[in-house]
Amino acid sequence: MDKFPVHDKDFADILNEINLMCAVDQELREKNLESGDEYWDEDVDTRNTRRMKEIVQSIGWPTISKVGAETASNAWLLVQHSDHDVEFQEHCLSLMKESNEGDVDKHDIAYLEDRIRVNQGCGQLYGTQFKQEGGQHMPLPIEDEQNVDIRRAEMGMGPLSEQIEHMYKKYPFNKDKI
């Protein structure tokens with residue numbers, strides 16, 4: 001039995017809407033990876049952010065107990081892509097951290113915290129944000145880098161070296177584009 005049952009009847013419409021917004025978000029990003037900026041539409045992130053603000057205002061953070069693990073992760077992803085509104089990202093991070101233990105995936109907290117820090121020009125804590133340079137995936141600057149794996153372990157994440165390896169698998173370089 002799930003630790004947090006999903007209350008479908010209470011949040012079914014919101015659950016479906018978040019999942020649909022995330023599907024559109026991911027489709028746009030996949031097309032962008034395949035074809036470059038030809039398919040990019042900044043309005044998608046703007047619309048998603050606007051709607052996520054309304055949802056968060058209405059129900060608080062969409063936690064696992066409210067919308068289920070997949071939709072909670074999709075809500076995080078939409079906020080992760082709200083780089084044009086760092087204040088909203090900070091608000092959501094605060095709500096996520098205030099949630100009951102296990103009701104928000106710790107990985108999501110780590111990724112959003114790093115994203116916000118990078119957006120504010122600070123070093124990241126967990127090494128989740130990367131740049132591609134010279135045919136390599138390189139983490140953006142990390143604060144107190146010698147202890148990054150300790151912080152990652154606290155969030156249930158593997159070492160940074162595994163994250164780097166994952167980046168090469170997920171985002172292989174096209175040698176023609178380097």
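Guide: Helices are DSSP runs of H or I with at least four residues, strands are runs of E with at least two, and both are numbered from the N terminus. By that rule, leucine 112 lies in helix 6.

Visitor: What kind of model is this, and how are residues numbered?

Guide: This is a predicted model: local features need pLDDT of at least 70, side-chain atom pairs count only at pLDDT 80 or more, and totals for chains, interfaces and linings use all residues. Residues are numbered from 1 along each chain as its sequence is written, and side-chain values use heavy atoms, with hydrogens and water left out.

Visitor: What makes up the secondary structure of the protein chain?

Guide: The protein chain has 8 helices and 2 strands. Along the sequence, the pattern reads α-α-α-α-α-α-β-β-α-α.

Visitor: Why is leucine 112 called buried?

Guide: Buried means under 20% relative accessible area, exposed means over 50%, and partly exposed is in between (1.4 Å probe, protein chains only). Leucine 112 has 0% relative accessibility, so it counts as buried. Across the 178 residues of the protein chain, 42% are buried.

Visitor: What does leucine 112 touch?

Guide: A contact is heavy atoms within 4.5 Å. Leaving aside neighbours within four places in sequence, leucine 112 is in contact with Trp76, Val79, Gln80, Gln89, Cys92, Leu93 and Met96. Glutamate 90 is 22 residues away along the chain, and its C-alpha is 8.5 Å from that of leucine 112.

Visitor: How do you know whether helix 4 is enclosed or open?

Guide: Of its 12 residues, 9 are buried, so helix 4 is largely enclosed by the rest of the structure. The buried residues are Thr71, Ala72, Asn74, Ala75, Trp76, Leu77, Leu78, Val79 and Gln80.

Visitor: What makes the span of helix 4 close to the expected value?

Guide: The expected span is 1.5 Å times one less than the number of residues. For the 12 residues of helix 4, 16 Å is expected, and the reach from first C-alpha to last is 16 Å.

Visitor: Why does leucine 77 count as buried?

Guide: Leucine 77 sits in helix 4, residues 69-80. Its relative accessible area is 16%, which is why it is buried. Beyond four places in sequence, leucine 77 touches Cys22, Asp25 and Gln26.

Visitor: Why is asparagine 48 called buried?

Guide: Asparagine 48 is in helix 2, residues 42-59. Its relative accessibility is 7%, so asparagine 48 counts as buried. Past four places in sequence, asparagine 48 touches Met21, Asp25 and Leu78.

Visitor: Why is glutamine 132 called exposed?

Guide: Glutamine 132 belongs to strand 1, residues 130-133. Its relative accessible area is 51%, so glutamine 132 is exposed. Glutamine 132 and tyrosine 171 are 39 residues apart in sequence and 9.6 Å apart, C-alpha to C-alpha.

Visitor: What makes aspartate 144 partly exposed?

Guide: Aspartate 144 has 34% relative accessibility, so it counts as partly exposed. Aspartate 144 lies in the loop between strand 2 (136-139) and helix 7 (148-154). Its phi is positive, about 50°, although aspartate 144 is not a glycine.

Visitor: What share of contacts join residues at least 24 apart?

Guide: Among contacts between residues at least 6 apart in sequence, the share in the protein chain is 57%.
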